[in-house]
Structure formats: C-alpha cells, structure tokens
Amino acid sequence: MKKFPSFSQSSDTLTRELIVDFEVRPRAEFRNNFMLIPSDSIMPEFFVTQRNRLSVTYLGPGFKFHASPQELHVWGKSGTTSHLASINAFEFYIEPYINKRFSLRIGRQALSLDNGRLFSAAPWSQQSRAHEGIRLFYKNKINTDLTLAFTRPYGKHFDAAYSPVASHQYKFLAVHHLKYKVNNFMDLTTINALDIFEKTNVSGQYYPRITNGGRLEYTRWGIYGTVNAYYQYGRNASSKHIRAYYIQPEVSTKIEKITLRLGAEILSGNKDNVQKNVTNSFVPLYGVTWKFMGNMNLFTRFPADVNDKGLINPYLFGIYQVSKKLSLRADFHLFYLQHPIRDSGKNLSGKYLGFENDISLNFKPINRLEIIYGLSYTMADQRMELLKKVTDSDKTPVWSYLMISYIPNLFYRNKKYIK
C-alpha cells in the first residue's frame with residue numbers, strides 16, 4: 001500500500017495525486033465444538049465469506065478525499081446456500097488541511113490507536129470497523145488527535161453483523177489520543193475516552209462511561225518492554241457505577257529469525273459480594289480481541305463472555321521468518337477467570353478455563369498477494385460449559401481457515417505543477 005504524503009507541501013508547487021486500489025478477499029472457515037454466542041447451535045459449521053473493497057484516495061491542494069465502498073458475500077452460513085451480507089462504505093471522508101500542523105477529517109473513518117486493544121479498524125473481520133464523526137489531528141514533536149463521533153439508526157436491508165458501524169451502542173463518543181517520544185528508548189501513549197449511552201429501556205436518559213490510561217514502551221539492547229494500563233469509571237447502559245481496570249505487561253525480543261512475545265492481560269471483574277449498583281467489569285471498548293486473546297474469539301463480548309468475573313490471559317507468541325515470503329506463527333494462551341463462578345450443580349470453585357493454541361502460515365508469493373492458513377484448538381475445562389462457550393468439555397474445540405487477499409493497484413497518477 002502506498003504511504004500517503006504529509007499534508008505539508010512546498011510553497012511553490014502543488015500536487016494532485018489519485019490512487020485507486022481494489023481488494024478481493026475470500027476466506028473459508030470451519031469450526032466445531034464451541035460457541036461464539038450462547039445461541040449458536042450449528043455444529044460443525046463450514047462457510048465462506050468474501051470481501052470486495054474498492055479504495056479511492058485523492059490528494060489535492062489543501063485536502064484529502066478517501067472512499068472505500070465494499071460488498072460482502074456469504075456462502076453456507078446458517079444453512080443458506082448464498083446471500084449478500086452487505087453493501088456499505090467502510091470509510092468515506094474528506095480531510096482539509098488547516099495548516100502544516102493541523103488537519104480535520106470529516107465523515108466515516110477507521111479509528112486505529114496504539115496497539116488496537118481499545119480502538120481498532122478490526123482488519124481481520126470482513127466488514128472491519130469504522131466510526132462516524134470528525135477527527136482533529138496535530139502533528140509535531142507531539143502527535144495528538146481528538147475524535148468526536150456519534151451513532152444514528154442504520155438501515156436494516158442487510159445483515160447488521162457485516163456492517164462496520166451498526167454494532168456500536170454508544171450515542172456519542174469522544175476520544176483523545178497522544179503519542180510522545182520521551183527519548184531514544186522510551187515512548188509514551190495516552191488514550192482518554194468518553195462514550196455516552198442511552199439508559200436501557202428509558203429513552204432520553206444518558207450515562208457516561210470514562211476510560212483513562214495509556215502505554216509506556218521501552219526498547220534497548222534488542223529487548224522491548226511495555227506496560228499498558230487503563231481505569232474505567234462512570235456508568236454503563238444499565239446505570240451501574242463502573243470501577244474497573246485493565247493491565248497488560250509484555251516483553252519481546254528477536255533472535256535471528258525468531259520473534260518472541262511474552263505477556264499477559266488482566267481484565268477486572270466482579271466478586272461475589274459486589275454491590276448491586278456497582279460493576280467491576282472492564283470493557284475493552286472498540287478494539288480487537290483475536291490479536292490478544294486467541295483466534296477462536298472465545299472471549300469477545302465483555303463482560304458477558306466471562307459472566308462478569310473478569311479474565312486473566314497469559315500468552316506467548318512466536319514468529320519464525322522462514323524466508324522473505326513465508327513465515328510461521330504459533331500463539332499459546334492460558335485463560336483464567338479473575339474470580340470463580342459459583343455453581344450449585346457442580347463443584348467448580350477454581351478459576352482455570354482452558355488452553356488455546358493458534359498456528360498460522362503466512363505466504364506472500366508476489367507483491368500485494370497474501371495467503372494465510374490457520375488452525376486453532378482449545379483444551380477446555382468444565383468451567384467453559386458454565387460460560388456456554390462449549391457444550392462438552394471432553395470434545396476438542398477446533399477452528400481453521402484459509403484466506404487469500406489480493407490488492408492490485410488499478411490506477412495511480414501523481415501530477416505536480418508550479419503555482
């Protein structure tokens with residue numbers, strides 16, 4: 001993909017640049033013996049999805065325009081032979097450059113901040129994720145931006161699960177993001193977010209949820225270390241007071257062709273004696289889960305997927321670069337509840353949920369063509385049955401996929417002229 005130039009330009013020349021790309025991305029998936037949501041009943045399941053996305057970017061004197069309409073198709077899902085999942089726009093915005101430091105992006109746009117844990121464009125999902133609003137950028141020694149977004153009623157002509165915006169439940173969203181390089185070894189990132197919800201079953205009554213925190217990164221002698229931490233407070237859509245936290249320490253290094261990452265995630269949850277009008281369950285906002293908690297997406301809806309008990313996820317990722325075109329990756333996860341589930345029918349007072357292993361091959365035979373094969377399995381504990389993630393813990397949950405992504409450049413033109 002081409003790297004877009006800075007919005008600053010020479011005082012005596014003007015540039016007009018047009019870039020048109022097209023992506024076709026089919027993906028076949030097979031899953032068995034686990035449930036993404038409690039209502040899942042079709043096992044085993046095999047289906048194919050395909051994304052066809054056109055990307056048009058125009059860079060003119062003093063502004064940038066970008067549009068990426070997409071069509072999503074599904075074969076074999078939920079017993080249907082074939083259906084059109086959605087036709088929508090992933091992104092559609094214009095960005096005027098106020099001056100050399102400031103620009104303002106207006107319209108539907110992806111919001112990818114830091115490592116994607118709280119805000120991500122969700123590139124794995126075929127529809128991806130976007131927000132509608134405005135985003136003010138400032139670029140200098142400190143890079144910072146402020147986003148103001150909103151939701152509105154969206155049409156129901158297509159499957160809402162394949163919309164980049166229909167899943168958002170907030171009424172209004174405000175996000176401030178800052179990136180600062182402290183010195184040659186240390187970087188600081190902060191994210192402060194405010195999302196406002198309409199109270200469940202009560203129209204016109206709103207509650208704010210606030211998330212404050214950031215990441216500290218340190219790189220030296222070939223070792224990368226980081227700590228990511230957030231505190232969440234305010235109220236949720238059920239009007240409960242929120243007192244929750246998230247912590248992610250990680251260390252990584254590269255040894256010749258092998259990259260290793262060792263870390264953990266801790267998402268707080270509720271103890272048995274929590275007050276009825278209080279929740280200690282942290283919600284990771286609008287980020288991605290598979291990147292941190294396993295490709296099988298067993299834990300994506302917080303706090304529902306862990307019954308409000310919180311989650312601890314130690315992980316080890318290993319990437320082996322076989323050649324310039326081929327890489328092998330293996331991810332290992334352990335899952336624990338932060339607080340145990342109390343169940344009168346079974347003596348399951350512990351916290352251990354299971355182990356997941358994700359293996360993938362990434363092959364790039366030519367420029368702009370990527371082929372990925374993945375295989376994942378989970379060794380589930382009986383407590384997974386209580387969470388309704390598996391129906392029988394004696395059976396091994398399996399997920400596998402094959403995905404091809406080809407993004408040819410259809411047109412490119414760059415024209416410079418004197419004022």
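# A guided tour of the chain

What you have open is a predicted model, where local features need pLDDT of at least 70 and side-chain atom pairs count only at pLDDT 80 or more, while totals for chains, interfaces and linings use all residues. Residues are numbered from 1 along each chain as its sequence is written, and side-chain values use heavy atoms, with hydrogens and water left out.

**The whole chain**

Along the principal axes, the C-alpha atoms fill a box of roughly 80 × 55 × 45 Å. Switch to a cartoon view and you can look for 2 helices and 20 strands. Both are DSSP runs numbered from the N terminus: helices are H or I with at least four residues, strands are E with at least two.

Now try a surface. The chain exposes about 21000 Å², and carbon and sulfur atoms supply 60% of that area. Accessible areas here come from the Shrake-Rupley method with a 1.4 Å probe, and for residues only the protein chains shown count as cover. Of the 419 residues, 45% are buried. Buried means under 20% relative accessible area, exposed means over 50%, and partly exposed is in between (1.4 Å probe, protein chains only).

Colour by charge next. There are 55 positive and 33 negative side chains, and the centres of the two sets lie 7 Å apart. Lys and Arg count as positive, Asp and Glu as negative, and His and the chain ends are not counted; each charge is placed at NZ of Lys, CZ of Arg, CG of Asp or CD of Glu.

**Stop 1: Thr49**

Select Thr49, in strand 2 (residues 45–60). Thr49 has a relative accessible area of 3%, so it is buried. Which side chain does the side chain of Thr49 make a polar contact with? It's Gln126, at 3.1 Å. A polar contact is a pair of N or O atoms within 3.5 Å; within protein, one must be able to donate a hydrogen and the other to accept it, and residues adjacent in sequence count only if both atoms are side-chain atoms.

Show the surroundings too. Not counting residues up to four places away in sequence, Thr49 touches several residues, including Arg25, His73, Trp75 and Tyr162. Contact means heavy atoms within 4.5 Å.

**Stop 2: Asp114**

Move along to Asp114, in the loop between strand 5 (102–109) and strand 6 (131–139). Check the backbone here: Asp114 has a positive phi of about 55° although it is not a glycine. Its relative accessibility is 30%, so Asp114 counts as partly exposed.

**Stop 3: Tyr206**

Tyr206 sits in strand 10 (residues 206–220). Is Tyr206 buried or partly exposed? At 40% relative accessibility, Tyr206 counts as partly exposed. Draw a C-alpha to C-alpha distance from Tyr206 to Ile196: the two are 10 residues apart in sequence and 6.4 Å apart in space. Leaving out residues up to four places away in sequence, Tyr206 touches Lys171, Ile196, Phe197 and Glu198.

**Stop 4: Gln232**

Now pick Gln232 in strand 11 (residues 223–235). With a relative accessible area of 0%, Gln232 is buried. The side chain of Gln232 makes a polar contact with the side chain of Thr211 at 3.0 Å. Beyond its neighbours within four places in sequence, Gln232 is in contact with a list of residues, among them Arg209, Ile242, Ser281 and Leu285.

**Stop 5: Pro303**

Select Phe302 and Pro303 together. A cis peptide bond joins them, with omega about 5°. Pro303 is in the loop between helix 1 (290–293) and strand 15 (311–321).

**Stop 6**

Ser360 is in strand 17, and its relative accessible area of 14% makes it buried. Past its neighbours within four places in sequence, Ser360 is in contact with residues including Ser327, Tyr373 and Tyr401.

Then go to Ile366, in the loop between strand 17 (352–363) and strand 18 (369–380). Ile366 is partly exposed, with a relative accessible area of 48%.

**Last stop: Lys388**

Finish at Lys388, in the loop between helix 2 (383–386) and strand 19 (398–406). What is the phi of Lys388? Positive, at about 60°, although Lys388 is not a glycine. Lys388 counts as partly exposed, at 47% relative accessibility.
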